[in-house]
Amino acid sequence: MKIPVLDRGLPQHVSVHKSGGRDQWSAPRSEPPADATAAVWECLHEVLDPEIPISLVDLGLVYGVTVAEGAVQVDLTFTATACPCMEFIREDVTDRLEQESWIASVEIHEVWDPPWTTERITDEGRTKLRSLGVGVA
């Protein structure tokens with residue numbers, strides 16, 4: 001189910017940011033995917049950081065995904081132990097994955113070792129950050 005656009009007429013980067021990117025989520029698959037792990041990564045690629053409209057995957061916050069009989073485990077980190085958006089991120093990851101009928105449960109494991117660094121940001125993430133005026137080494 002695609003969530004309706006909330007702010008027609010606003011630039012996309014403003015609308016996306018305000019909705020937390022939920023207005024950009026694709027519709028759930030009508031059939032279970034052949035490669036469930038790849039499909040979970042695709043779903044997670046749609047989940048944006050609440051502070052910057054960049055995918056959690058592109059920020060390097062997702063360390064791993066395991067799928068077994070509809071149960072999904074996501075190994076996830078945050079940019080800081082006191083990140084104010086941790087609950088939003090957990091909720092967005094769970095909500096996006098639970099839209100899929102072939103996913104029975106979602107478990108998030110927080111990973112702190114190795115700690116997140118900017119080296120984990122993908123090339124696509126770096127390009128998007130630069131387009132928003134955020135410098136990344």
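Two strands are said to pair if DSSP finds at least two bridges between them. Strands (E, at least two residues) and helices (H or I, at least four) are DSSP runs numbered from the N terminus. The model is predicted: local features need pLDDT of at least 70, side-chain atom pairs count only at pLDDT 80 or more, and totals for chains, interfaces and linings use all residues. Residues are numbered from 1 along each chain as its sequence is written, and side-chain values use heavy atoms, without hydrogens and water.

Strand 1 and strand 2 run antiparallel and are joined by 6 bridges. They belong to an open sheet of 3 strands in the order 1-2-3, with mixed pairing. Strand 1 (62-68) and strand 3 are the edge strands, each pairing on one side only. Val67 stands opposite Val72 in strand 2.

The model has 1 aromatic pair, where rings of Phe, Tyr and Trp (its six-membered ring) pair if their centres lie within 6.5 Å; planes under 30 degrees apart count as stacked, over 60 as edge-to-face and the rest as tilted. The rings of Phe78 and Trp112 have centres 5.9 Å apart and planes at 35°, so this pair is tilted. Phe78 lies in the loop between strand 2 (71-76) and helix 3 (86-98) and Trp112 in the loop between strand 3 (105-110) and helix 4 (123-131), so the pair ties together parts 34 residues apart in sequence.

Accessibility is classed as buried (under 20% relative accessible area), exposed (over 50%) or partly exposed in between, with a 1.4 Å probe and protein chains only.

| Residue | Relative accessible area | Class |
|---|---|---|
| Thr77 | 0% | buried |
| Phe78 | 1% | buried |
| Trp112 | 34% | partly exposed |
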